[in-house]
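Thanks for coming. I'll go through a few local features of this one and then stop.

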Amino acid sequence: MTTTAQPPTTTGATPPRITRPASVTPGFLQGLVSRVAGSGGATWPLTEVYTGELLVELPQSTPHDIEQAFVRARRAQAQWAQWPLSKRLAVFKRAHTLFIDNAQTTTDLIQVESGKNRRMAIEETCDPPMVMSHYLKRAAKLLAPVKRGGPVPFLTTSTEIRQPKGVVGIIGPWNFPFATGISDSIAALMAGNGIVLKPDNKTALSPLYGVQLLEEAGLPKGLFQVVCGEGPDVGPTLIDNANYVMFTGSTATGRVIGERAGRNLIGCCLELGGKNPMIVLEDANMDEVVQGALFGAFGNTGQICMHIERMYLPESRYEEFKAAFVAAAESLDVRAAYDFGPDMGSLVSVEHMHNVQAHVDDAVAKGATVLTGGKARPDLGPAFFEPTILEGVTSEMRCGVTETFGPVVALHSYRTVDEAVALANDTDYGLNASVWGTDLDAACAVAARIEAGNVNVNDILATAFASKGTPSGGVKTSGVGARHGDQGLLKYTDVQNLAVLKKQVMGARPGQDYDDYVKGMLSGLKMMRKVRIR
């Protein structure tokens, strides 16, 4: 049945009215959601985060809808995989221009559906063009057949051929719906696959627009399918029909997806949660550290898998940093606006705001101190929460060990670098970390000791994540596999070993004494090793 959106219930002052971007019209939004495979009539109220007002009714996909989406994608993929690679790549050369030329419209959609500030939203639009640009340079080499020698020199060959998996199921998160939903699809498409994407219900508009732009660039209709629904309703059917699964989200959900993919004997890549640490060394430039810490804790309202939730300061500089950081946090411009003014926007939903508040309340009840923030701001919008800095956080508190995923950070002091590294590694997570110091050799030595898939020196996360030539993924419970780098494209392929025997020389000849054959075979192995053929 069709549901009707109701503004979230909040207390306090009524938030100010704001003008929605001119591009976000009912007709435009209805055109986007018409791409969703949904025949059952059920819808989900997709709302504007800043106001809680209904934007559009998002169709919800039934299991049959999902199965048919895979049928359509497979039909299109069979033709797409036969295109010469140069023809496939030409689509993305055109798409690169279209994505940049339409970045402001994409930004409008990202903001209206997620509530993030415009500065972060426009940066998100840059990720797919960056991924396209990287793989436009690398794909031809990575996907080209590689001819190697076979077991018998000159008479045998073995060629590594990269074949597409088929149809890849991608389950995207709500915090970066465009960057993940579209960027994760680009390499898979270049490799010759089809896509069935399930974005989060809350943030389906921007990835749907990305699919529209790809088709404008020449991507065949039907190759990129979109299904929508709540994870438990949609996920099982999607995984059961996919040839490979890419998931970005929580560790708990990642375990479920990995288990089901394993039962189906298909591969998966999982980028999961983090409880990411930042270590400030004695010689760090404190002005730079404070600016970095603001983004690390409050960028995207703290809703970044790689953002910082734990900061470790040397005792000698703890009070200096605390004073400067608290003052800087309190000066942030936090409000709802569709311009580049605000430093921080809203959390994605009232429900998530309550989760963040529960983490802070639990910490305070168990002895933590709120240095600034700690409260919801219904006067700014239904899901706004203040930039929050805590101290005295321990492992007995929820925010001490589990991911808060909001604008909340805990400060800790340390006496020795060894202690700081031990504290940073004292977690089940291992996605990202940050180390700050002016002695780069010393800072890099500390970074090498941290158990994380990404470690940034004198930066929070952008340097690592934007380095598209290097794989980015997590260790421990923060994930399996990686995006970016050669691995980020090759994971969407199967290797076919095409072996050719030019002359029948394998095995004993008819009538040959087998002892003589064995002696010749072993002598041959010695000879080949001696001349370095094998």
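Which residues in helix 5 meet which residues in helix 6? On the helix 5 side they are E123, E124 and T125, and they meet D127, P128 and P129 of helix 6. Sorted by type, the residues of this contact are two nonpolar, one polar and three charged. Bear in mind throughout that this is a predicted model.

Now the geometry of that pair. Two packed helices are described by the angle between their axes and by the distance between those axes. Here helix 5 covers residues 118-125 and helix 6 covers residues 127-143; their axes come within 4 Å and cross at roughly 25 degrees. Angles under 35 degrees count as roughly parallel, and helix 5 and helix 6 are therefore roughly parallel to each other.

Next, helix 3, residues 85-101. With 17 residues at 1.5 Å a residue, helix 3 should span 24 Å, and its end C-alpha atoms are 25 Å apart, which agrees. Which residues of helix 3 are buried? They are R88, L89, V91, F92, A95 and F99. The cover over those buried residues includes helix 2, helix 4, helix 6, helix 7 and helix 8.

On to helix 11, residues 286-298. At the start of helix 11, a side-chain oxygen of N285 reaches to within 3.1 Å of the backbone nitrogen of D287. Just after the helix, N300 takes a positive phi of about 55 degrees. The buried residues of helix 11 are M286, V289, V290, G292, A293, L294, G296, A297 and F298. What do they pack against? The partners are strand 10, strand 11, helix 12, strand 13, strand 14 and strand 15.

M286 also turns up in the surroundings of R317. R317 is in the loop between strand 11 and helix 12. Buried means under 20% relative accessible area, so R317, at 16%, counts as buried. Not counting residues up to four places away in sequence, R317 touches E282, D283, A284 and M286.

Another loop residue is K275, between strand 9 and strand 10. Is K275 buried or exposed? K275 is buried, with a relative accessible area of 2%. Its side chain reaches the backbone oxygen of C399 at 2.6 Å. A polar atom of that side chain also lies 2.7 Å from the backbone oxygen of T402. With neighbours within four places in sequence left aside, the contacts of K275 include E309, R310, G400, V401, T427 and Y429.

Strand 9 itself contains G267. G267 counts as partly exposed, at 27% relative accessibility. Beyond four places in sequence, G267 is in contact with N243, Y244 and V245. G267 and K165 are 102 residues apart along the chain, and their C-alpha atoms are separated by 9.6 Å.

Last, D361. D361 lies in helix 13, residues 350-365, and is partly exposed, with a relative accessible area of 43%. From D361 to P382 is 21 residues in sequence and 19 Å in space, C-alpha to C-alpha.

That is the end of my list.

Technical notes
Residues numbered from 1 in each chain as written. Predicted model: local features only at pLDDT ≥ 70, side-chain atom pairs only at ≥ 80, totals over all residues. Heavy atoms only, no water. Helix = DSSP H or I, 4+ residues; strand = E, 2+ residues; numbered from the N terminus. Buried < 20%, exposed > 50% of the residue type's maximum accessible area, 1.4 Å probe, protein only. Axes fitted to C-alpha atoms, helices over the stretch in contact; angles between N-to-C directions. Parallel < 35°, antiparallel > 145°, perpendicular 65-115°, else oblique. Contact = heavy atoms within 4.5 Å. Nonpolar A, V, L, I, M, F, W, Y, C, P; charged D, E, K, R; others polar. Expected span 1.5 Å × (residues − 1). Polar contact = N/O pair within 3.5 Å; in protein donor to acceptor, adjacent residues only side chain to side chain.
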